[in-house]
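Hi,

Here is the structure I promised to pass on.

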Amino acid sequence: MKACIYLFLFMMFVPTCLAQTRYYNESKEIRSNDYTYTCEVRKKLLVTLYNTEKTYIGIPQVSLATNTKVDEQGGAPLLSNDQTTYKKCLQISNEVLRDFLLSNPSKNDVPLFVTMYINSQTGALQDVSFIFPYVSVYNTLPIDTLRTLELRLKNEMRFSPTNAGREVNYIYRRVIYYLE
């Protein structure tokens, strides 16, 4: 009788595990009606997703005056009101991702890295990339949800470059998102 109960429980558990669709198993392009994302999977450890219509992703951040690489650490701030925009990004991320993460409560303690590439002259958000562990709840997140997050960030986020910020080709910011 015990064996029957264990077999029954096992058969109930297996379909639940198999129902978790992993969308990002390999490096590839993911096409939808009006956009295409590049998915890069590195050694089954990290997944990076970004829109293929990119401006700054993959380009080194350099000084416009000297064309040398820029190291933001310890230098003059490139954005004013950086903490305010950081909080706004977290708020938007939470609004878009909250329902999905709450439907997967045992797995929502993994970070999502939201990387933003900002036009240094206008303060407009040009590119967004998403990085997360391969083995995480984000691997089951539909690409349409990330597209929604990208569009909301681009439409609602406005940055204020400082004078030092206007001296680089773009400004780079990363937000580490956890469910709030």
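Tyr-23, Tyr-24, Phe-132 and Tyr-138 are linked into a cluster by ring pairs. For a pair, the rings of Phe, Tyr and Trp (its six-membered ring) need centres within 6.5 Å; planes under 30 degrees apart are called stacked, over 60 edge-to-face, and the rest tilted. Before going further: this is a predicted model, where local features need pLDDT of at least 70 and side-chain atom pairs count only at pLDDT 80 or more, while totals for chains, interfaces and linings use all residues. Residues are numbered from 1 along each chain as its sequence is written, and side-chain values use heavy atoms, with hydrogens and water left out.

Back to the rings. The whole structure holds seven aromatic pairs. In one of them, Tyr-56 and Tyr-170 are stacked, because their ring centres are 4.9 Å apart and their planes stand at 25°. This pair links distant parts of the chain: Tyr-56 is in the loop between strand 3 (46-51) and strand 4 (79-80), whereas Tyr-170 is in strand 8 (residues 170-177), 114 residues apart. Helices here are DSSP runs of H or I with at least four residues, strands are runs of E with at least two, and both are numbered from the N terminus. Tyr-56 and Tyr-170 are both buried, a word I use for under 20% relative accessible area, with exposed for over 50% and partly exposed in between (1.4 Å probe, protein chains only). Phe-132 counts as buried because its relative accessibility is 1%, and Tyr-138 is buried with a relative accessible area of 1%.

Now the overall layout. The chain has three helices and eight strands, and from the N terminus on they run α-β-β-β-β-α-β-β-α-β-β. Of its 180 residues, 43% are buried. The chain exposes about 10500 Å², and carbon and sulfur atoms supply 56% of that; the areas come from the Shrake-Rupley method with a 1.4 Å probe, and for residues only the protein chains shown count as cover. Taking contacts (heavy atoms within 4.5 Å) between residues at least 6 apart in sequence, 71% join residues at least 24 apart.

What sits inside? In soluble globular proteins, nonpolar side chains tend to be buried together. By nonpolar core I mean a set of buried Ala, Val, Leu, Ile, Met, Phe, Trp, Tyr and Cys residues joined through side-chain atoms within 4.5 Å. The largest one has 39 residues, and Tyr-24, Leu-49, Leu-97, Val-114, Tyr-138 and Leu-153 touch the most other members. Two or more residues come from each of strand 2 (36-42), strand 3, helix 2 (82-102), strand 5 (112-119), strand 6 (125-133), helix 3 (143-156) and strand 8. Helix 2 gives the most, seven residues. Leaving aside neighbours within four places in sequence, Leu-97 is in contact with Leu-112, Tyr-138, Leu-141, Thr-145, Leu-149 and Tyr-177. Another core lies apart from this one and has five residues, among them Tyr-50, Tyr-56, Ile-57 and Tyr-170.

Helix 2 is also where you'll find Leu-90, which counts as buried at 13% relative accessibility. Leu-90 and Val-175 are 85 residues apart in sequence, yet 7.4 Å apart in space, C-alpha to C-alpha.

Over in strand 3, take a look at Thr-48. Is Thr-48 buried or exposed? Thr-48 is buried, because its relative accessibility is 6%. Its side chain is joined to that of Arg-42 by a polar contact of 2.5 Å (a pair of N or O atoms within 3.5 Å; within protein, one must be able to donate a hydrogen and the other to accept it, and residues adjacent in sequence count only if both atoms are side-chain atoms). Beyond neighbours within four places in sequence, Thr-48 is in contact with residues including Thr-38, Cys-39, Phe-130 and Ile-131.

On cysteines: Cys-39 is buried at 1% relative accessible area, and Cys-89 is buried at 0%. The count of disulfides (cysteine sulfur atoms within 2.5 Å) is zero.

Most residues other than glycine have a negative phi. Asn-67, in the loop between strand 3 and strand 4, has a positive phi near 60° and is exposed at 60% relative accessible area. Asn-81, in the loop between strand 4 and helix 2, has a positive phi near 55° and is exposed at 54%.

Cheers
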